[in-house]
Amino acid sequence: MLNDVITAVLIKNDLVTAFAFIGLLVFISYRFSDWLTRGRIHGSALAITLGLVLAYFGGKYTGGSNGLADIPIFAGIGIMGGAMLRDFAIVSTAFGADLSSLKKAGYVGAISIIIGVILSFTIGGIVAVLFGYSDPISIATIGAGAATYIVGPVTGTALGASTEVIALSVAAGLVKSVLVMVGTPLIAKTVGLNNPTSAMIYGGLMGTTSGVAGGLAATDPKLVPYGAMTATFYTGIGCLLAPSLLFMIVSLIFG
Amino acid sequence: MVIYGVSLLAFCMLVGSICGILLGRLMGINANVGGVGISMILLILLANTSLFKFKMKPITQGGITFWSAMYIPIVVAMASKQNVSGAIDGGWMAFTAGSLAVLASFSFIPLLTKLAGPDDVE
């Protein structure tokens, strides 16, 4: 009986359950960070990685696409970590941002978005060719997926790609997003990701909003507004370029 | 009051999203182009105008800074709802395409930072 009551309360108050659960997850991660790595791996990096691992098992267990949030008692995680509150929190970080740093790096940030889209698209397209795809529609769709998991299906749908190829493009984008979250704190020092300018370039090159939001949270939350600023334009630019100009170039080569 | 800060933040996000979607329509695509970025610029501008700067009390600011402080937990929740099994089940091609794109993008950061000029480094 007690179990039923507890489950019912947790499900009924799903967002509050998420606050309690995520708080616990963050607490455990910060303790582990202190004890096991003496703070060398940051607590937030551990928390995000742990979240991704739980998401994997949640997805395996339910067969759904929302990780842990598909389990009824964790449904609130879907709200707490959904696009609405994520964007709300990202915008709030701008309150401490320095306008002159944004202005100074604005132009190189804008360039980095275009380079980022073309770079990821090209690499995704080359990988598609190496794996045996030879029609321009499939190559462009997979290339677009390597940009973000939104650009992939948008491009695929616009060009009339097969559902199998569209699913692959989404998977490529998901891999990118997860790797950016986990990889950013590990590689930040090597690539000089420690100031507003490089954060804006990073956001523009990576483009995946979730990846950049997670990656910078685990590296240095002070850099979030700068990285998010450029990343938020990436998917739009990708949706603009991939099915049009970039597809045309692919058709010229493989048509 | 705290709600003034929260409301200002909400106002910025809504106006930014509307602008982002309109910008997408103008470009002929059905996507939000830079809505979050526009919201952030709006918040920075409003927070720095003399209209608010001298009037915004610490408690009002608290309505905004609370959400900045919630940023990491929200991102942890976001990580917990990612389709990680979908990424892993995508197979080798999806993994190769995604990971090489990340590696290449990382390697371009120092290049473009150099282009931006050295005076920006803190």
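These are my notebook entries on a predicted model with chains A and B.

**Ground rules**

I number residues from 1 along each chain as its sequence is written, and I letter chains from A and number ligands from 1 in the order in which they are written. As the model is predicted, local features need pLDDT of at least 70 and side-chain atom pairs count only at pLDDT 80 or more, while totals for chains, interfaces and linings use all residues; side-chain values use heavy atoms, with hydrogens and water left out.

**Entry: domains of chain A**

I looked up the domain assignment first. Chain A has domain 1 (7–81) and domain 2 (96–254). Such bounds come from an automatic or database domain assignment. The C-alpha centres of these two domains of chain A lie 26 Å apart. Five residues from domain 1 of chain A and seven residues from domain 2 of chain A take part in the contact. Contact means heavy atoms within 4.5 Å.

Next I checked the area. The two domains of chain A bury about 470 Å² between them, and 81% of it is on carbon and sulfur atoms. Buried area is the accessible area (1.4 Å probe) that two parts lose on being put together, summed over both. Which residues of domain 1 of chain A lose the most area to domain 2 of chain A? I found Ala45(A), Ile48(A) and Leu52(A), together 71% of what that side buries. I counted zero salt bridges between domain 1 of chain A and domain 2 of chain A. The rule for a salt bridge asks for a side-chain nitrogen of Lys or Arg within 4 Å of a carboxyl oxygen of Asp or Glu.

**Entry: domains of chain B**

Chain B is divided too, into domain 1 (1–79) and domain 2 (83–115). I read 29 Å between the C-alpha centres of domain 1 of chain B and domain 2 of chain B.

**Entry: where A meets B**

How many residues of chain A are in contact with chain B? I found 94, against 72 residues of chain B. The two chains bury about 7200 Å² between them, and carbon and sulfur atoms give 82% of that. Phe88(A), Val91(A) and Phe95(A) supply 11% of the area that chain A buries against chain B, more than any other three residues.

I then looked at Ser85(B). Ser85(B) lies in helix α6 (residues 84–89) of chain B. Helices (H or I, at least four residues) and strands (E, at least two) are DSSP runs, numbered from the N terminus. Is Ser85(B) buried or exposed? Ser85(B) counts as buried because its relative accessible area is 6%. The cut-offs are under 20% for buried, over 50% for exposed, and partly exposed in between (1.4 Å probe, protein chains only). Leaving out residues up to four places away in sequence, Ser85(B) touches Tyr56(A), Gly59(A), Lys60(A) and Gly64(A).

**Entry: salt bridges**

I found three salt bridges over all chains. One pair crosses between chains, from Lys60(A) in helix α3 of chain A to Asp89(B) in helix α6 of chain B. Their side chains meet at 3.0 Å, N to O. The interface of chains A and B has one salt bridge by the rule. Lys60(A) is partly exposed, because its relative accessible area is 42%.

Arg86(A) and Asp87(A) make another salt bridge, at 3.1 Å, N to O. Both Arg86(A) and Asp87(A) are buried.

Asp220(A) pairs with Lys222(A), and their closest N and O atoms are 4.0 Å apart. Asp220(A) has 22% relative accessibility, so Asp220(A) counts as partly exposed. Lys222(A) has 65%, so Lys222(A) counts as exposed.

**Entry: helix α5 of chain A**

I followed Arg86(A) and Asp87(A) into their helix. Helix α5 (residues 83–93) of chain A is mostly covered, with nine of its 11 residues buried. Among them are Leu85(A), Phe88(A), Ile90(A) and Val91(A).

On the surface I found a nonpolar patch of Leu24(A), Phe27(A), Ile28(A), Phe32(A), Trp35(A), Leu36(A) and Leu50(A), with about 760 Å² of accessible area together. Patch residues have over 30% relative accessible area and no salt bridge; like charges are joined within 9 Å, and nonpolar side chains (Val, Leu, Ile, Met, Phe, Trp, Tyr) within 5 Å. Accessible areas come from the Shrake-Rupley method with a 1.4 Å probe; for residues, only the protein chains shown count as cover. Helix α2(A) gives the most to the patch, with six residues. Leu50(A) sits in helix α3 of chain A.

Ile41(A) is in the loop between α2 (14–37) and α3 (43–62) of chain A. At 41% relative accessibility, Ile41(A) is partly exposed. Beyond its neighbours within four places in sequence, Ile41(A) contacts Ser33(A) and Leu46(A).
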